[in-house]
Structure formats: C-alpha cells, structure tokens
Amino acid sequence: MASKKTMHQGHYATTRDPRVIQSRAALRQALLDLLKIKSFKDISIRDITDRAKVGYNTFFRHKGSKDELLKDIAAGEIKSLIELSMAALGEVNTAQASAAVCDYVARHRALWSALLAAGAVDTL
C-alpha cells in the first residue's frame, strides 16, 4: 500500500478532471479560511477536510501533508506578489504602486502571518 506521502502522486498530479480541480481549490480555500481563525500549528487535516467538505482520504490524494498544502499556496502567493512588485517597479507613481503591493499583502494577511510565524517558516 502506498504511503500517505506518495498517495497523491500519479494521475492526480496532472489531471484536468473538474472534480479534482474543485477538490484542490476547496482544500486551498479551506486552509486559507482556517488561517483567519486559527494558527497553522492548531489546524488539523480533519479541520481542513471538514471545512472543504471533502473526505479525509481525498486530502491525501492531492497532498501529502498540511505543510505541503501550505507550501503550494505560498508558492502561488509569492509568485503573485513578485508579479505585482515587478509591475510596481515600472510605475511612474511609485507611492501608489507600493500601496498596491501593501494592499495585496493586507488582503492576504492570514496566509502571510502563517508564513512568517516561527512555526510555519520551518515548514517552507
């Protein structure tokens, strides 16, 4: 039997099945929602799956751990922040561009707080 770490590999890694895409989005959003009310270390996989309304085993078809889910979310957020920052560098109104970058971070405060917290930094 495959370990939890490797169960999510295979066809789930590259599928375009709408159900898989929907489950992944639900898991990401569930973790983001939970980060607004709990610290990352206090969030369980059961909390994530309950919030996402997916089965517990479904989680492991997509991710090996909650740390891996956070890393994937973080990678996307960091990419978005870099793209926004690069666009801001070319702006004539740098104050307005800088404010836009700060606004982006503020809108995603729960995630950035988790990423910068001592416990989460070790997982990245």
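Reader: Which side chain does the side chain of Asp 42 join in a polar contact, and at what distance?

Author: In this predicted model, the partner is Ser 39, and the polar contact spans 2.9 Å. A pair of N or O atoms counts as a polar contact within 3.5 Å.

Reader: Where is Asp 42 found?

Author: In the loop between helix H3 (18-35) and helix H4 (45-52). Asp 42 is partly exposed, at a relative accessible area of 45%. Partly exposed lies between the cut-offs: under 20% is buried, over 50% exposed.

Reader: On to helix H7. What does H7 reach from its first C-alpha to its last?

Author: Helix H7 covers residues 94-107, 14 residues in total. Its reach is 20 Å, close to the 20 Å expected at 1.5 Å a residue.

Reader: How should I read the burial pattern along a helix?

Author: Start with the turn. An α-helix has 3.6 residues a turn, so residues three or four places apart point the same way. In H7, the buried residues are Ala 97, Val 101 and Tyr 104. Down the axis of H7, they fall within an arc of 60 degrees, so they line one face of the helix. On the other side, Ala 95, Gln 96, Cys 102 and Arg 107 are exposed.

Reader: Which helices do the buried residues of H7 pack against?

Author: Helix H6 (66-89) and helix H8 (109-116).

Reader: At what angle do H3 and H6 pack?

Author: About 95 degrees, with their axes 10 Å apart. That makes H3 roughly perpendicular to H6. H3 brings Leu 27, Arg 28, Leu 31, Leu 32 and Leu 35 to the contact, and H6 brings Lys 66, Leu 69, Leu 70 and Ile 73.

How values were computed: Residues numbered from 1 in each chain as written. Predicted model: local features only at pLDDT ≥ 70, side-chain atom pairs only at ≥ 80, totals over all residues. Heavy atoms only, no water. Helix = DSSP H or I, 4+ residues; strand = E, 2+ residues; numbered from the N terminus. Buried < 20%, exposed > 50% of the residue type's maximum accessible area, 1.4 Å probe, protein only. Polar contact = N/O pair within 3.5 Å; in protein donor to acceptor, adjacent residues only side chain to side chain. Expected span 1.5 Å × (residues − 1). Arc of directions from axis to C-beta. Contact = heavy atoms within 4.5 Å. Axes fitted to C-alpha atoms, helices over the stretch in contact; angles between N-to-C directions. Parallel < 35°, antiparallel > 145°, perpendicular 65-115°, else oblique.
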